[in-house]
Amino acid sequence: MSSQPEVVVGEPKVRIDGRLKVTGKAPYAADHGHEHGIENMAYAAIVDATIGRGRITGIDTSTAEAHEGVLGVVSHENAPKLPYRENAGSNNLPGERIRVFQNDRVLFFGHPIAVVVAETLEAAQHGARLVEVTYDEESPTTELEDGTPDEPTNYSRGDVEAALADAPVRLDLTYNLSRNHHNPMEPHATIARWEDDKLTVWDKTQWVGDGTQVELAAVFGLAQDDVRVLSPYVGGAFGSGLRTWPNTVIAAVAAREVGRPVKLVLARRQMYFNTGFRPAYRYQLTVGADRDGRLLATDHVVRAETSSYETFSEAVLSAGQMKYSTPNVRQDYRTVPLDVNTPIWMRGPGAATGDHVIETAMDELAYEVGIDPIELRRRNEPTEDESSGLPFSTRRLLECYDVGAREFGWSRRNPEPASTRDGDWQVGIGMASALYHTAAAPARARVRLRIDGTALVESATSDMGPGTYTSMTQVAADALGLTLDDVDFRLGDSAMPATPPHGGSMTMASVGSAVQNGADKVRREAINLAVNDAASPLHGADADDIVVRRGRLHVRNDASRGETYRALMARNGRTRIQATGLFSPREEATKSAWAYGAVFAEVGVDAQLGLVRVRRMLGVYDAARIINPRLAESQALGGMVGGIGKALLEHTVTDHRDGRIVNANMADYLVPVNADVPDLKAIYLGGRDDYPDPIGVKGLGEVVICGVAPAIANAVFHATGRRVRDLPITIDSLL
Ligand code: MOS
């Protein structure tokens, strides 16, 4: 079959939904209403537990129920018993998920214990304050070091003890990495509507189909098809939408109880204990190396918080297993159950944490042995994935170092720490590498060429910001031979063909490949129709020799011989040509596929005040093929901003006396704002990787945050000579 000319793939197209978004016309979950057929909506507000652990002994709802406009209050005292079937999907972490209003237990501070439904939002919120709850209070355990660790996940190769005992250089490092919250701009929100036993929700989610739809069916004991989940726009998520949280179920419970559609939007404060978070870690790393900086052994003891009722773990160990050549590795990773809500994946899950530890340790080793940090990394570059024995599909990390060092001016750096001043500022430059696993999962997309020669493409994926609408339109347009304007790509509806979660950097690889496959099938069918149609100018031509441009099929080397899709379909009485595109990743890995990056940061540290300012930053990435450079750059800049937050600002603070999160708001939980973000630059090496997926991409949404915090931490050391191993790096740690 002919390959299509590449026209819009690889072009820096602007977001096709950009105008809708900036004019406020893109409907996010809570924006749906009358114009979407939702009538007679009621509003809900959740009542949160004000103890960190214990039992509810009484709930007095009489004052709330008497309040004007309040339609009802639901708690465990009057809630329907819900089936809560097992769910093999994304909501099934080991343990027992929260069953909304099914018992009197309070598992953490903020645990949702009741919902007030009212005619107005104001009445619901006021009603929630009028619910009086009494408790039998127990003392919560919320500090990592106070909990009892679970059984370990272990990994080992070689003989770490012997290698460490003989190592000429040894570093014993302990890192305390704080908890982070996703804090997307759009809070989690749901509108739930029942029609008989069929449930429709407009919900903020990264996974309408096998995520939210399947979970709601499981909770309410419904057939999957009796639940429809709509999520056309997602205002950021970073992983917070990868699971169905209690608020979504509560909205559906409330709607069923009052017999009306119900809207439930979480307050910003409630985002801190209703949805998940990046767990806090204590990571102890022992490094053994020779005097030339070659790693001999690493020993990893990792502790991470999880909830008392579920075990959340993530891929924090990978970097230590395969990033650098290391003959002896031992890892002991234990989750620690605490009286907190369950953590969840957050951008660069596991990897960003592992990279921080490994990359700052490599920096320490570089200074210890007196070798340039980039040269040290080169000396430890592996020739294969030492954790699996597999060859790398593509690994262009050394090229990332070369390009980054050249573009950032690394050679002009004085290697001596605390050697550069700019007025009151101590100036330092640091770097770190990044990696993220290239994943893909089965995906489908329906492609329909319509009688007017335009196409409708549908797939139940999500666009939480990376530009899925745009990049998928580009892939479909080139494969169909249409302009961008002639392709209508839709997503965010569980009735559309199934996809993996919009996460794990696998959407482009998985959904993009399915879109291309479906579009290829449609184009092929049209071409076959033409070459077999005696009335077509293409009759008898070799199908492999036909391409489609701007909706017109023609012989590759003779554009004059051809006809449009429209003419072909009209003559043949076809109202549509339709196909379902499929993608399945290979079943058994034969190569080790990762996206890579090298991140460079220059910081200034105020010598008197300890204030850290990032002055400039560069990321160089090996993410293989780039479908849209503008969107890819935007992802990289966003990753860098997130990394600045992780390095210097973000820290969820808990009062361990009662388990309360004390900075559950955007005034006290600090994220980078414009003044914290300097000129950032991103370079993608480009190229292709044909191993992971047919469209040649490796995924880039997560690798772009992974090396950022360690590059900043290493720059802070270079600026000041002070090594801060905890995150975030605070002013007091530098004074
Ligand atoms: Mo990403 S943490 O997989 O949304």
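Q: Buried means under 20% relative accessible area, exposed over 50% and partly exposed in between, with a 1.4 Å probe and protein chains only; is asparagine 40 buried or exposed?
A: This is a predicted model, where local features need pLDDT of at least 70, side-chain atom pairs count only at pLDDT 80 or more, and totals for chains, interfaces and linings use all residues. Residues are numbered from 1 along each chain as its sequence is written, and side-chain values use heavy atoms, with hydrogens and water left out. Asparagine 40 sits in the loop between α1 (18-22) and β1 (42-48), where helices (H or I, at least four residues) and strands (E, at least two) are DSSP runs numbered from the N terminus. Its relative accessible area is 51%, so asparagine 40 is exposed.

Q: What is the phi of asparagine 40?
A: Asparagine 40 is a residue other than glycine, yet its phi is positive. The value is near 60°.

Q: Which loop holds arginine 550?
A: Arginine 550 is not a glycine either, and its phi is positive at about 50°. With 66% relative accessibility, arginine 550 counts as exposed. Its place is the loop between β21 (546-549) and β22 (552-555).

Q: How many residues of α12 are buried?
A: Start with the helix itself: α12 covers residues 468-480. The expected span of a helix is 1.5 Å times one less than its number of residues, and the ends of α12 should therefore lie 18 Å apart, which agrees with the 18 Å between its end C-alpha atoms. Just after α12, glycine 481 takes a positive phi of about 75°. As for burial, α12 is mostly covered, the count being 13 of its 13 residues.

Q: What is the C-alpha separation of tyrosine 469 and proline 232?
A: Tyrosine 469 belongs to helix α12 and is buried, with a relative accessible area of 8%. Not counting residues up to four places away in sequence, tyrosine 469 touches Ile16, Asp17, Pro232, Tyr233, Asp463, Phe489, Arg490 and Leu491, contact meaning heavy atoms within 4.5 Å. Tyrosine 469 and proline 232 are 237 residues apart along the chain, and their C-alpha atoms are separated by 10.0 Å.

Q: Which residues have the most contacts inside the largest nonpolar core?
A: A nonpolar core is a set of buried Ala, Val, Leu, Ile, Met, Phe, Trp, Tyr and Cys residues joined through side-chain atoms within 4.5 Å. The largest one has 90 residues, and those with the most contacts inside it are Leu365, Val603, Met617, Tyr684 and Ile712.

Q: Leaving aside neighbours within four places in sequence, which residues does leucine 365 contact?
A: Leucine 365 is one of the residues with the most contacts inside the largest nonpolar core. Once those sequence neighbours are set aside, its partners are Val169, Leu171, Val287, Ala289, Gly293, Leu295 and Leu376.

Q: At roughly what angle do the axes of α15 and α17 cross?
A: Axes are lines fitted to C-alpha atoms, for helices over the stretch in contact, and angles run from 0 to 180 degrees between N-to-C directions. The axes of α15 (residues 629-649) and α17 (residues 708-720) come within 8 Å and cross at roughly 55°.

Q: Why is α15 oblique to α17?
A: Angles under 35 degrees count as roughly parallel, over 145 as roughly antiparallel, 65 to 115 as roughly perpendicular and the rest as oblique. The two axes cross at roughly 55°. That angle makes α15 oblique to α17.

Q: Which residues of α17 make the contact with α15?
A: On the α15 side, the contact is made by Gly639, Met640, Gly643, Ile644, Lys646, Ala647 and Leu648. On the α17 side, the residues are Val708, Ala709 and Ile712.

Q: Is the crossing of α5 and α6 left-handed or right-handed?
A: Helix α5 (residues 208-220) and helix α6 (residues 246-258) pack at about 50°, with their axes 11 Å apart. A crossing is left-handed if the near helix is turned anticlockwise from the far one by less than a right angle, and right-handed if clockwise. The way α5 passes α6 is right-handed.

Q: Which residues of α11 are buried?
A: Helix α11 covers residues 397-408, and glycine 409 just after it has a positive phi of about 80°. Its buried residues are covered by elements including α10 (373-379), β17 (425-437), β25 (594-606), β26 and β29. Those buried residues are Leu397, Cys400, Tyr401, Val403, Gly404, Ala405 and Phe408.

Q: What is the omega of the peptide bond from leucine 727 to proline 728?
A: Proline 728 lies in the loop between α17 and α18 (731-734). The bond from leucine 727 to proline 728 is cis, with omega near -5°.
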